[in-house]
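Hi everyone, thanks for coming.

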Amino acid sequence: MQMNPNRDTKLCMSLSGRPGNFGLRFHNHLYEQLGLNFYYKAFSSQDLPGAVGGIRALGIRGCGVSMPFKEACIALVDELDASAAAIQSINTIVNTDGHLKAYNTDYIAIAQLLETHAVPKDTTFALRGSGGMGKAVASALRDGGYKNGVIVARNERAGRALADSLGYEWQAELGAQRPQMLVNVTPVGMDGGPEAGQLAFDTVVVKAADIVFDVVAIPSETPLIVLGRAEGKKVITGLEVIAIQALEQFVLYTGVRPTEEQFQKAVAFARS
C-alpha cells in the first residue's frame, strides 16, 4: 500500500480487544483511491482512559471502537450522537478540535442488512448476548418492527436489562424454543478467542431456523455461518456488518462518501 505521509496527514485508528486487518486495509485503500491525506492504524490497549486521552491530545481524527470497549468508552467522550445515546453503546469516536463525539454505526449497518436481506417483520428470533453489540443489534430489531424475540444471555443482570428496555423476554438458555432467526452477538466462533471453534447455537436449533445471522467478522465464515450454509439457511455475516459500519465511519471521519463501486472494491481489497 503506497503511503506518502507528511506533517498534515490526519490519523485515524481503532481500539479492539483483538485487532484485525479489515478496517486498516479498508480505510487506507479508500484514502489512497480518493486521494485523501489520511492514515489508519489498528490498536489494542490495556489503558483505555489513556488511549482515549491520546486521541484528544494527539489530534487523532477518528477511532473505531470494538469489543470489549463499546460501553466502557462512553464515560470518556464529550458527547453522544443520538445513534449512541439511545442504546448506550458506541463504536465510533470523531475528534473535532479536541471535542470527542461518539456514534454507533453498528446500528446503521444492522438496520440496512435487515432491509436488504428482506427479513419479514413477523420473524421470531433469538439473540444471544447482551453486551455493546447486543444493544445495537437488539435496538435495530426493535426499531425495525421485529416484536417476537428473546434475549438469550448467561449474564442475567445484563440480559434482563437489555430485554426489559426493548420489550423482549430474557432467558439464560434457549431451551425448547425454535425461533426462525438466530442472531449471535457474542465472541463465540471468533478467531483467537477461547470459543473459536464453537457454535453459538446448538445444531438442532440451527437446523430448525430459517435465517442465521452472526456478527462475528473474523473469520467471516464462522462455525455458525458454515453450518447455516450447509443446512441451506439464509445467512447474514459479520463481514457484511463490518463493511457497512466501516463505510459509515469513513464518511464521518472524512466527509466523503465513496461510490458503490469504490466501496465494493475496498471491501474486496480488505478481505484479500
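Helices here are DSSP runs of H or I with at least four residues, strands are runs of E with at least two, and both are numbered from the N terminus. Before I go on, please keep in mind that this is a predicted model, where local features need pLDDT of at least 70, side-chain atom pairs count only at pLDDT 80 or more, and totals for chains, interfaces and linings use all residues. Residues are numbered from 1 along each chain as its sequence is written, and side-chain values use heavy atoms, with hydrogens and water left out.

So, is Val-206 buried or exposed? Val-206 counts as buried because its relative accessibility is 0%. Buried means under 20% relative accessible area, exposed means over 50%, and partly exposed is in between, using a 1.4 Å probe and protein chains only. Which residues does Val-206 touch? Not counting residues up to four places away in sequence, they are Leu-182, Phe-201, Val-212, Leu-224, Leu-227, Gly-228 and Lys-233. A contact here means heavy atoms within 4.5 Å. Take Leu-224 from that list: it is 18 residues from Val-206 along the chain, and their C-alpha atoms are separated by 8.2 Å.

Now to the strands. Leu-182, one of the residues Val-206 touches, belongs to strand β10, residues 181–184. From that strand, Met-181 and Val-183 point one way, Leu-182 and Asn-184 point the other way, and all are buried. What does β10 pair with? With strand β7, residues 125–128, it pairs in the parallel sense over 4 bridges; two strands pair if DSSP finds at least two bridges between them. In that pairing, Phe-125 stands opposite Met-181. Strand β10 also runs parallel to β11, joined by 4 bridges, and there Asn-184 has Asp-214 as its bridge partner. To get from β10 to β11, the chain crosses through helix α7, residues 203–208, in a right-handed β-α-β crossover. Right-handed means that, with the strands pointing away from the viewer, the path from the first strand over the helix to the second runs clockwise.

Next, the interior. A nonpolar core is a set of buried Ala, Val, Leu, Ile, Met, Phe, Trp, Tyr and Cys residues joined through side-chain atoms within 4.5 Å. The largest one has 29 residues, and those touching the most other members are Ile-110, Leu-127, Val-137, Leu-141, Tyr-168, Met-181 and Phe-213. At least two residues each come from α4 (105–116), β7, α5 (132–143), α6 (156–166), β10, β11 and α9. Which of them gives the most? That is α5, with 5 residues. As for Leu-127, leaving aside neighbours within four places in sequence, its contacts include Val-137, Leu-141, Val-150 and Val-183. Apart from this core lies another one, of 20 residues, among them Cys-12, Phe-22, Phe-26 and Leu-247.

That brings us to the aromatic rings. How many aromatic pairs are there in the whole structure? The search finds 5. Rings of Phe, Tyr and Trp (its six-membered ring) pair if their centres lie within 6.5 Å; planes under 30 degrees apart count as stacked, over 60 as edge-to-face, and the rest as tilted. Phe-26 and Phe-263 are edge-to-face, at 6.1 Å centre to centre and 80 degrees between the planes. Phe-26 sits in helix α1 (residues 22–34) and Phe-263 in helix α10 (residues 260–271), so this pair ties together parts that are 237 residues apart in sequence. Both Phe-26 and Phe-263 are buried. The pair of Tyr-31 and Phe-250 is stacked, with 5.5 Å centre to centre and 25 degrees between the planes.

Last stop, two cis peptide bonds. One runs from Met-67 to Pro-68, with omega near 10 degrees, and Pro-68 is in the loop between β3 (62–65) and β4 (79–80). The other goes from Ile-218 to Pro-219, with omega near 5 degrees, and Pro-219 is in the loop between β11 (211–214) and α8 (223–230).
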